[in-house]
Amino acid sequence: MPRAGLTADRITSAAADLADEVGFEKVSLSALARQFGVKDASLYSHVRNLQDLRTRVALLAGGEMIDRIATAVAGRAGRDALKAFAGAYREYALKHPGRYAATQIRIDQSLVADSPAMRRTAEITYGMLRAYGLDEPDLTDAVRLLRSTFHGYCALESTGAFGAPRAVEESWERAVDALHVALVNWPRGGQDRQPPQVPR
């Protein structure tokens with residue numbers, strides 16, 4: 001019987017908080033059970049297993065992240081939208097490292113298709129890039145370029161890997177400017193293919 005007060009949403013939220021504190025890979029059902037003061041078995045009435053919990057955290061974090069990005073890009077286009085998108089992405093990644101790590105795991109495509117947050121991510125990301133006049137397959141290629149650039153930069157920054165005296169913020173701004181130039185001058189001529197539901 002489910003323990004009173006415990007819900008899947010509450011457990012997922014606690015797992016996300018714990019991920020930010022100790023790292024996503026260190027989140028376990030045992031650690032959460034201790035936090036709630038219950039036995040491990042009590043959690044299995046609400047989540048199937050650790051993989052189910054990890055997926056729930058990923059979907060929660062993805063929804064939080066795209067909400068912030070959507071607010072940032074509202075009413076903007078082109079360079080302004082790209083800078084706002086990039087800034088909101090980076091801010092979330094650095095402030096919520098555990099949650100952000102969760103957004104990078106691979107999720108079953110059936111769950112992605114059923115997730116309003118994941119669909120919204122696709123709509124906002126592709127919408128921003130269509131303003132640059134891109135169609136498939138260039139849209140998918142551009143999404144992958146942005147994702148790999150943003151993720152790589154944030155991953156390095158979060159570990160203090162940038163040791164040069166140049167301010168990290170200034171390099172970030174230049175990187176986003178360079179992406180804008182690349183999008184404006186995107187090479188054309190790829191063969192058409194259907195866009196994926198969610199940018200990966």
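Modeller: Helices (H or I, at least four residues) and strands (E, at least two) are DSSP runs, numbered from the N terminus. This is a predicted model, in which local features need pLDDT of at least 70 and side-chain atom pairs count only at pLDDT 80 or more, while totals for chains, interfaces and linings use all residues. Residues are numbered from 1 along each chain as its sequence is written, and side-chain values use heavy atoms, with hydrogens and water left out.

Biologist: What is the place of E91, and why does E91 count as partly exposed?

Modeller: E91 belongs to helix α5, which covers residues 78-95. Buried means under 20% relative accessible area, exposed means over 50%, and partly exposed lies in between (1.4 Å probe, protein chains only). E91 has 43% relative accessibility, and therefore it counts as partly exposed. Its C-alpha atom is separated by 27 Å from that of A8, which is 83 residues away along the chain.

Biologist: How many aromatic pairs does a search of the whole structure find, and why is the pair of Y89 and Y100 called edge-to-face?

Modeller: The search finds 6 aromatic pairs. Rings of Phe, Tyr and Trp (its six-membered ring) pair if their centres lie within 6.5 Å, and planes under 30 degrees apart count as stacked, over 60 as edge-to-face and the rest as tilted. The rings of Y89 and Y100 have centres 5.6 Å apart and planes at 75°, so this pair is edge-to-face. The pair links distant parts of the chain, since Y89 sits in helix α5 and Y100 in helix α6 (residues 97-103), 11 residues apart.

Biologist: Why is the pair of Y153 and F162 called tilted?

Modeller: Their ring centres are 4.8 Å apart and their planes stand at 45°, so the pair is tilted.

Biologist: What makes D138 buried, and with which residues is D138 in contact?

Modeller: D138, in helix α9 (residues 138-158), has a relative accessible area of 9%, and therefore it is buried. Contact means heavy atoms within 4.5 Å, and, leaving aside its neighbours within four places in sequence, D138 is in contact with W186, P187 and R188.

Biologist: Which residues does UniProt list for "DNA-binding region"?

Modeller: The unreviewed UniProt entry lists residues 28-47 under that name; such positions are given in the numbering used here, feature names are shortened, and annotations may be inferred rather than shown by experiment. In the model, this span is 60% helix and 0% strand, and its end C-alpha atoms lie 12 Å apart.

Biologist: How many helices and strands does the protein have, and what share of its residues is buried?

Modeller: The protein has 10 helices and 0 strands, and buried residues make up 43% of its 200 residues. Among the contacts with a separation of 6 or more, 72% are accounted for by residues 24 or more positions apart. Its C-alpha atoms fill a box of roughly 60 × 45 × 30 Å, taken along the principal axes.
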